[in-house]
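Visitor: Could you walk me through this one, and tell me what stands behind the labels as we go?

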Amino acid sequence: MAELFQTRNTGHTIGRVIVYGLLVLVCFYYLMPLFVMVTTSLKSLDEIRAGNLLSLPQDPNLDAWGKAWSSACTGVQCEGLAGFFWNSVSFVVPAVLISTLIGAVNGYVLTMWRFRGSDLLFGLLMIGCFIPFQVVLLPMARTLGAMGIANSTAGLVFVHVVYGLAFTTLFFRNYYVTIPDELVKAAKIDGAGFWLIFRRIILPLSAPIIVVSIIWQFTQVWNDFLFGVVFSSGERQPITVALNNLVNTSTGVKEYNVDMAAAIIAALPTLFVYVVAGKYFVRGLTAGAVKG
Amino acid sequence: MGALSIRDVRKSYQGTEILKGINLEIEKGELLILVGPSGCGKSTLLSMIAGLDTVTSGEIRIGDRVVNNLSPKDRDIAMVFQSYALYPSMTVRENISFGLEIRKVGKAEQQKIVERVAHTLQIGHLLDRKPSQLSGGQRQRVAMGRAIARDPSLFLFDEPLSNLDAKLRVEMRVEIKQLHQRMGTTIVYVTHDQIEAMTLGDKIAVMKAGEVQQFGTPQQIYDNPANLFVAGFMGSPSMNFIPARVEAMGSGHGVRLESGANTYVFPAVSANGKLKSWEGKEVVFGIRPEQITHKVESGLVGEHMATATMPISLTEPTGPDTLVLVPVNGREVTCRVHPAHARAPGENMDLMFDLSKAVYFDPASELRIA
Ligand SMILES: Nc1ncnc2c1ncn2[C@@H]1O[C@H](COP(=O)(O)OP(=O)(O)OP(=O)(O)O)[C@@H](O)[C@H]1O
Ligand SMILES: [Mg+2]
């Protein structure tokens, strides 16, 4: 008996070692580039040219960050990323909120207010998850033109809302099927209508899945490049496009420190959202039935 | 005009008929039990009374209004669900007052009602808790509180006690009965527990496969079951069904029973001559366990009492009674005898059959003959 325990424990320990070893390795693999980026962005150009990639900066300074933010050249103009950063914020925030809200309502209807063909509709919506960006570019361009919102913030919001809907609907519908429909029945008998039930009963239960939807959508929309480059131009472009321009603008020397700082600036918001809400993300993805 | 009347209500889902013409009517203040095996359509019928589902055809009236096309909120009903369906994000107080708030009852009035309901159900100390912080029995009370707060003209209960443990279930059953007597409300109560049905109901509708098999008072249903299904469903342990041949016997008829080495013909005293056309054929002879007991010497013997000596194959002591199993016509028949008189398996026992309440069924149609 004792031996049995022994062997099981040893097996257990070896397993642990392997698991943790792998995790550390993967962590290292992912964090290495970040480390190089951060240190490089804090070095001066001379130091970069002279030193090695992995060494710590001798005289850390934020000059490169300042330049990336406000004076680096992105094509013909040299005003840094600042303007583009706020461009991104200005369409990402509404796009994320609107697509999450509509996804919630869709999920609510598809689970609690089923109608003839609602399962078919859901199935069709899911196809939207598998359509590559490239496929919708042309039709979307025509649609935006017809709606008169081509090349505008509103247009970009619209594109991202439409494209994100399939995902947000999927999230909310799969979350809401775990909520017993007797809850809605009870509320109907209490006299509540469609919106009141949604607001007072369903939404208060939705925090975990709202977080999932927001993180997902924020990451998708903020990081998007293709829609940004196609459906906006000039000074309305999102930060991802500006970053690309900044890195590709060749005026003499390649300023690696500025490039790195710019790349980090472009990535910071998604990092921030994940750090703030990440634990809810995991919780929301694994959330089971709602205990009543 | 009844408090609730259901006329020829049918319901189909995608061509399958789930309810096949239900007719029921109860008076104000009555408690109607819908009882039947799982899947017979009890919840479906209740949903349609509540307005959560539409009828395919037929008519439902609450009071003097046809409610077919009214939404749940306009039907003046309240419902208690099997899972209680308390709103998880609201406190007990908010759960109870939610319906009042929607109906624009004033804040002060809401407060008063919540207090009264909490007092009635003894949940005053729970008002500020969330449902997740309550025990099963407490949730059950809150769910009832939510229902009575609005003081509707009709209450609907869908198996409200089936998630409770046995002891609590008995307690709550008594409490629901008291509540019903005190408030005099009209209630439709779904259960598949025949004891709940017998103890609570003013009227019982026994359902099977989307049809009402029998509708009547508990005693009518117990004493005069309309068919084999109802007879077997109500009562625990359930009625004995013994296939037996009808034979002429004096001026009337009797049923032939074989047990061990003995053969008896018991007079069908309760049949009133209705077995005449069955002479020589087999019927199902139905007799409840409590109508077969140990032989007592004194008084009781009359035409409707028959005695027999039968070998015991098994005994099951329940405490107040001992159930004794004896073979009759190839079936194990359950008898309910006083523990002091029960004999051991393998021995013979003198038993006395009270034939005045015996019933007879057609084995093919399963309908009652007499
Ligand atoms: N929405 C629906 N679509 C198709 N069939 C349904 C639907 N709802 C119920 N049914 C069917 O109707 C029948 C009756 O269901 P119902 O829920 O009324 O049974 P019940 O008597 O309440 O059973 P239980 O005691 O298990 O609660 C079942 O066979 C069920 O499969
Ligand atoms: Mg049911």
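Guide: Helices (H or I, at least four residues) and strands (E, at least two) are DSSP runs, numbered from the N terminus. By that numbering, H1(B) gives the largest share of the shell around ligand 1, 3 residues. This is a predicted model, where local features need pLDDT of at least 70 and side-chain atom pairs count only at pLDDT 80 or more, while totals for chains, interfaces and linings use all residues. Residues are numbered from 1 along each chain as its sequence is written, chains are lettered from A and ligands numbered from 1 in the order in which they are written, and side-chain values use heavy atoms, leaving out hydrogens and water.

Visitor: Why are S6(B) and S7(B) said to pair?

Guide: Two strands pair if DSSP finds at least two bridges between them. S6(B) and S7(B) run parallel and are joined by 4 bridges, so they qualify. B:Ile77 stands opposite B:Leu154 in S7(B).

Visitor: And what makes S6 and S10 of chain B edge strands?

Guide: The open, mixed sheet has the order S6-S7-S8-S3-S9-S10 in chain B. Strands S6 (77-80) and S10 (211-216) each have a single partner strand, so one side of each lacks a neighbour in the sheet.

Visitor: How do you know that B:Lys42 makes a polar contact with ligand 1?

Guide: A polar contact is a pair of N or O atoms within 3.5 Å; within protein, one must be able to donate a hydrogen and the other to accept it, and residues adjacent in sequence count only if both atoms are side-chain atoms. An N or O atom in the side chain of B:Lys42 is 2.8 Å from an oxygen atom of ligand 1, so the pair counts. For the side chain of B:Glu159, the distance from an N or O atom to a ligand 1 oxygen is 3.1 Å, so that pair counts too.
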